[in-house]
Amino acid sequence: MKYKTLKGLQDILPAEISVWHHIENRARGIFRNYGYQEIRLPILESTDVFIRSIGETSDIVEKEMYTFQDKGGRSVTLRPEGTASFVRAYVEHHLYNEPAPQKFYYMGPMFRYERPQAFRYRQFYQIGAEAMGIDDTKIDAEIIAMLSNILGSIGLTGLNFEVTSIGCKKCRPDYRTALKSFLGSRLDKFCGDCQRRYDANPLRILDCKVPSCIESRKGSPPVLDHLCGECREHFESLISHLELLEVPHTVNPNLVRGLDYYTKTAFEVSSKNLGSQSAVAAGGRYDSMVDEFGGPPTPGIGFAIGMERIIPLIKDSVGVTAGPDLFFCPLGAAAAEKAFLLTEQLRTEGLWVETNYDGTSLRSQMRKANRISAGNVIVIGDEELKNNKIILKNMTTREETSSALEAKELLNLIIRK
Ligand code: ATP
Ligand code: MG
């Protein structure tokens with residue numbers, strides 16, 4: 001029987017891993033400068049965690065969740081995103097008791113049962129950040145600046161940062177009325193899902209991906225024109241702080257997010273080089289979610305970067321991992337034993353060393369040393385064993401140095417180079 005990965009899932013092979021490490025390391029470095037600490041959350045949560053926050057009428061909850069019953073009959077879901085799980089943990093562990101802002105980041109897989117296509121998978125990885133406890137738009141501008149720094153330091157260019165405000169509970173009723181009166185006259189042009197959403201959650205119609213719905217909603221009133229006084233002031237202050245920090249951005253009044261929990265600030269970063277799945281990162285404020293999860297009213301803001309969307313944009317510019325520092329080519333059983341022992345001794349001293357395990361010819365061992373990009377090679381035959389002397393060959397410069405067949409001397413020699 002032949003097994004294959006499930007549709008929409010993929011293996012990440014060692015040949016690709018240097019790009020993943022590059023991104024993760026750069027992100028960690030920048031998170032540190034901004035005071036974000038890592039939090040690791042379970043992949044599986046109670047289904048309610050997501051329904052409650054992302055929203056019953058969102059695409060994610062309606063169509064995309066991997067939900068099943070565990071052996072105890074509980075409904076559980078593979079997390080489709082990180083923020084809902086994070087807020088569950090934030091409330092559960094009373095993290096709001098720490099001085100604000102509390103800042104967190106996470107990295108890990110998310111699961112959405114979507115139609116797989118280029119840059120859209122059923123298991124995909126996100127790097128996310130959440131800043132809690134601060135209402136002031138300095139934190140909004142700061143987190144967007146941090147995101148811009150992370151993406152820049154990874155090596156991405158040609159990005160477009162779009163920002164908007166999607167209002168709060170206070171401005172939503174007014175906006176809902178304006179939107180419904182626009183959509184009502186042309187409802188027959190929308191898909192069945194949207195017709196259902198019209199009463200349940202008309203804002204979701206703005207996020208529908210069906211081409212005829214995209215066409216039919218053109219000209220709909222933007223939320224940005226229907227903000228309450230507080231939200232308008234908040235948005236203006238956001239823009240002035242983005243300008244102060246010189247974060248390039250464009251205001252897109254038609255930007256909508258696929259999750260119900262957002263309030264006020266919302267943003268999305270897209271790349272010109274990705275075709276239709278162009279969003280590489282997105283985020284926003286969620287000022288009511290902690291409260292709804294049973295914690296004290298606490299504002300929050302966060303974002304998530306889609307790893308699979310940024311990897312193709314940089315993978316050609318990130319160097320591949322170098323090979324071992326040293327490769328032993330032993331000829332004969334006694335030499336192989338000696339090389340085996342030295343390999344272990346040098347590894348414990350901090351070098352990456354490989355040896356040959358079987359009795360293949362010198363030619364094939366040298367070919368292997370080249371194939372794995374070994375930095376140095378040592379051939380050990382009977383003569384070398386008898387005299388306890390070897391030649392260390394640097395594979396890049398072709399320079400040859402003689403040395404005793406002894407771990408300490410070899411170590412010094414290789415580290416000095
Ligand atoms: P899209 O509009 O592309 O479906 P989204 O609004 O559903 O994106 P978010 O929930 O905001 O996405 O997730 C943040 C980021 O995670 C996205 O900008 C994208 O880079 C990435 N992402 C989301 N869904 C997928 C997926 N199925 N496969 C790969 N990356 C994804
Ligand atoms: Mg989506």
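View 1. Phe31 is buried, with a relative accessible area of 0%. Buried stands for under 20% relative accessible area, exposed for over 50%, and partly exposed for values in between (1.4 Å probe, protein chains only). Tyr36 is buried as well, at 4%. Phe31 and Tyr36 form a tilted aromatic pair, 5.9 Å centre to centre with 40° between the planes. Rings of Phe, Tyr and Trp (its six-membered ring) pair if their centres lie within 6.5 Å; planes under 30 degrees apart are stacked, over 60 edge-to-face, and the rest tilted. This is a predicted model, in which local features need pLDDT of at least 70 and side-chain atom pairs pLDDT 80 or more, while totals for chains, interfaces and linings use all residues. Residues are numbered from 1 along each chain as its sequence is written, chains are lettered from A and ligands numbered from 1 in the order written, and side-chain values use heavy atoms, leaving out hydrogens and water.

**View 2. Trp20 and Tyr125.** The whole structure holds ten aromatic pairs. In one of them, the ring centres of Trp20 and Tyr125 are 5.2 Å apart and the planes meet at 85°, so the pair is edge-to-face. It links distant parts of the chain: Trp20 sits in helix α1 (residues 17-33) and Tyr125 in strand β6 (residues 123-132), 105 residues apart. Helices (H or I, at least four residues) and strands (E, at least two) are DSSP runs, numbered from the N terminus. Trp20 is buried at 5% relative accessibility, whereas Tyr125 is partly exposed at 24%.

**View 3. Aromatic cluster and charges over rings.** Phe86, Tyr90, Tyr96 and Phe104 form one aromatic cluster. Arg122 lies over the face of Tyr113, 3.8 Å from the ring centre. Lys180 lies over the face of Tyr198, at 4.8 Å from the ring centre. For such a placement, NZ of Lys or CZ of Arg must be within 6 Å of the ring centre and within 35 degrees of the ring normal.

**View 4. The shell around ligand 1.** Of the 16 residues around ligand 1, Arg112, Glu114, Tyr121, Arg257 and Ala279 come nearest. A residue counts if one of its heavy atoms lies within 4 Å of the ligand. A polar side-chain atom of Arg112 is 2.8 Å from a ligand 1 oxygen atom. An N or O atom in the side chain of Glu114 lies 2.6 Å from a nitrogen atom of ligand 1. Ala279 uses a backbone N or O atom, 2.8 Å from an oxygen atom of ligand 1. Taken alone, ligand 1 exposes 580 Å², and the protein buries 91% of that. These areas come from the Shrake-Rupley method with a 1.4 Å probe. β6, β10 (279-285) and β11 (300-306) each supply at least two residues of the shell. β10 gives the most, with four.

View 5. Val256 lies in the loop between β8 (250-251) and β9 (263-271). Val256 is buried, at 19% relative accessible area. Val256 and Val320 are 64 residues apart in sequence and 38 Å apart in space, C-alpha to C-alpha. Lys408 belongs to helix α15 (residues 407-416). Lys408 is exposed, with a relative accessible area of 62%.

**View 6. Two domains.** An automatic or database assignment gives domain 1 (14-171 + 227-317) and domain 2 (326-416). Their centres, taken over C-alpha atoms, are 49 Å apart.

Technical notes. A polar contact is a pair of N or O atoms within 3.5 Å; within protein, one must be able to donate a hydrogen and the other to accept it, and residues adjacent in sequence count only if both atoms are side-chain atoms.
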